[in-house]
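Hello,

Here is the structure I promised to pass on to you.

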Amino acid sequence: MNGLPAIACLSLAALFAVIGVVQLLGPRFLRNAYARWDYSQAVRIVTGVLDIAAAAMLIDPNLRGWGIGLAAVLTFGSVVTLLNHRHYAAAAAAILMMA
(Lines give C-alpha, C1' and ligand atoms only; values in the text may rest on other atoms or scores of the structure.)
Protein backbone atom coordinates (compact mmCIF):
# COMPACT_ATOMS: atom_id res chain seq x y z
CA MET A 1 0.00 0.00 0.00
CA ASN A 2 1.97 2.96 -1.31
CA GLY A 3 1.30 6.41 -2.56
CA LEU A 4 -1.08 9.23 -2.02
CA PRO A 5 -4.33 7.18 -2.17
CA ALA A 6 -3.08 4.92 0.60
CA ILE A 7 -2.06 7.88 2.73
CA ALA A 8 -5.47 9.48 2.13
CA CYS A 9 -7.28 6.28 3.17
CA LEU A 10 -5.22 5.86 6.30
CA SER A 11 -5.67 9.53 7.21
CA LEU A 12 -9.42 9.28 6.77
CA ALA A 13 -9.45 6.04 8.77
CA ALA A 14 -7.64 7.81 11.62
CA LEU A 15 -10.06 10.73 11.43
CA PHE A 16 -13.14 8.47 11.50
CA ALA A 17 -11.64 6.49 14.39
CA VAL A 18 -11.13 9.67 16.43
CA ILE A 19 -14.64 10.89 15.59
CA GLY A 20 -16.06 7.51 16.60
CA VAL A 21 -14.22 7.47 19.92
CA VAL A 22 -15.38 11.02 20.69
CA GLN A 23 -18.96 10.03 19.84
CA LEU A 24 -18.74 7.00 22.13
CA LEU A 25 -17.13 8.91 24.99
CA GLY A 26 -19.85 11.55 24.68
CA PRO A 27 -18.28 14.70 26.09
CA ARG A 28 -20.73 17.18 27.57
CA PHE A 29 -20.79 19.53 24.56
CA LEU A 30 -21.73 16.63 22.31
CA ARG A 31 -24.40 15.26 24.65
CA ASN A 32 -25.85 18.77 24.94
CA ALA A 33 -25.90 19.19 21.16
CA TYR A 34 -27.78 15.92 20.70
CA ALA A 35 -30.26 16.97 23.40
CA ARG A 36 -30.77 20.42 21.83
CA TRP A 37 -31.42 18.82 18.45
CA ASP A 38 -33.87 16.30 19.98
CA TYR A 39 -31.72 13.31 19.07
CA SER A 40 -31.54 10.35 21.39
CA GLN A 41 -28.18 9.52 22.95
CA ALA A 42 -28.57 6.13 21.27
CA VAL A 43 -28.11 7.91 17.93
CA ARG A 44 -24.76 9.21 19.20
CA ILE A 45 -23.67 5.71 20.20
CA VAL A 46 -24.77 4.13 16.92
CA THR A 47 -23.02 6.88 14.99
CA GLY A 48 -19.84 6.32 16.99
CA VAL A 49 -19.89 2.58 16.28
CA LEU A 50 -20.49 3.21 12.58
CA ASP A 51 -17.63 5.73 12.46
CA ILE A 52 -15.27 3.16 13.96
CA ALA A 53 -16.57 0.51 11.55
CA ALA A 54 -15.90 2.85 8.63
CA ALA A 55 -12.37 3.44 9.93
CA ALA A 56 -11.73 -0.30 10.20
CA MET A 57 -13.03 -0.91 6.69
CA LEU A 58 -10.91 1.90 5.25
CA ILE A 59 -7.79 0.23 6.61
CA ASP A 60 -8.51 -3.17 5.03
CA PRO A 61 -7.92 -3.08 1.24
CA ASN A 62 -10.53 -5.82 0.72
CA LEU A 63 -13.22 -3.79 2.51
CA ARG A 64 -12.10 -0.33 1.44
CA GLY A 65 -14.97 0.13 -1.03
CA TRP A 66 -17.51 -0.58 1.70
CA GLY A 67 -15.62 1.74 4.05
CA ILE A 68 -15.70 4.54 1.49
CA GLY A 69 -19.44 4.03 1.04
CA LEU A 70 -20.17 4.01 4.77
CA ALA A 71 -17.91 7.02 5.36
CA ALA A 72 -19.68 8.89 2.55
CA VAL A 73 -23.12 8.18 4.02
CA LEU A 74 -22.00 9.20 7.52
CA THR A 75 -20.36 12.39 6.28
CA PHE A 76 -23.34 13.32 4.12
CA GLY A 77 -25.64 12.80 7.09
CA SER A 78 -23.49 14.98 9.29
CA VAL A 79 -23.40 17.75 6.66
CA VAL A 80 -27.19 17.70 6.32
CA THR A 81 -27.62 17.73 10.11
CA LEU A 82 -25.13 20.56 10.61
CA LEU A 83 -26.67 22.67 7.85
CA ASN A 84 -30.15 22.01 9.22
CA HIS A 85 -29.03 23.33 12.61
CA ARG A 86 -27.14 26.30 11.11
CA HIS A 87 -23.63 25.18 12.03
CA TYR A 88 -22.20 26.36 8.74
CA ALA A 89 -18.50 26.35 9.66
CA ALA A 90 -18.62 22.76 10.89
CA ALA A 91 -20.62 21.77 7.81
CA ALA A 92 -18.00 23.39 5.58
CA ALA A 93 -15.28 21.33 7.26
CA ALA A 94 -17.27 18.14 6.67
CA ILE A 95 -17.88 19.12 3.05
CA LEU A 96 -14.13 19.55 2.58
CA MET A 97 -13.62 16.11 4.08
CA MET A 98 -16.08 14.68 1.54
CA ALA A 99 -14.08 16.20 -1.30
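This is a predicted model: local features need pLDDT of at least 70, side-chain atom pairs count only at pLDDT 80 or more; totals for chains, interfaces and linings use all residues.

Residues are numbered from 1 along each chain as its sequence is written, and side-chain values use heavy atoms, without hydrogens and water.

The largest nonpolar core has nine residues: A13, F16, A54, A55, M57, L58, L70, A71 and L74. (Such a core is a set of buried Ala, Val, Leu, Ile, Met, Phe, Trp, Tyr and Cys residues joined through side-chain atoms within 4.5 Å; buried means under 20% relative accessible area, exposed over 50%, and partly exposed in between, with a 1.4 Å probe and protein chains only.) Two or more of its residues come from each of α1 (4–25), α3 (41–59) and α4 (64–84), with α3 giving the largest share, four residues. Helices here are DSSP runs of H or I, at least four residues long, numbered from the N terminus.

On the outside, L25 lies in helix α1 and counts as exposed because its relative accessibility is 67%.

Now the rings, which pair if the centres of Phe, Tyr or Trp rings (the six-membered one for Trp) lie within 6.5 Å; planes under 30 degrees apart are stacked, over 60 edge-to-face, and the rest tilted. There are two aromatic pairs by this rule. W37 and Y39 make an edge-to-face pair, 6.4 Å centre to centre with 85° between the planes. W37 is buried at 17%, whereas Y39 is partly exposed at 31%. Ring pairs join Y34, W37 and Y39 into a cluster.

Best wishes
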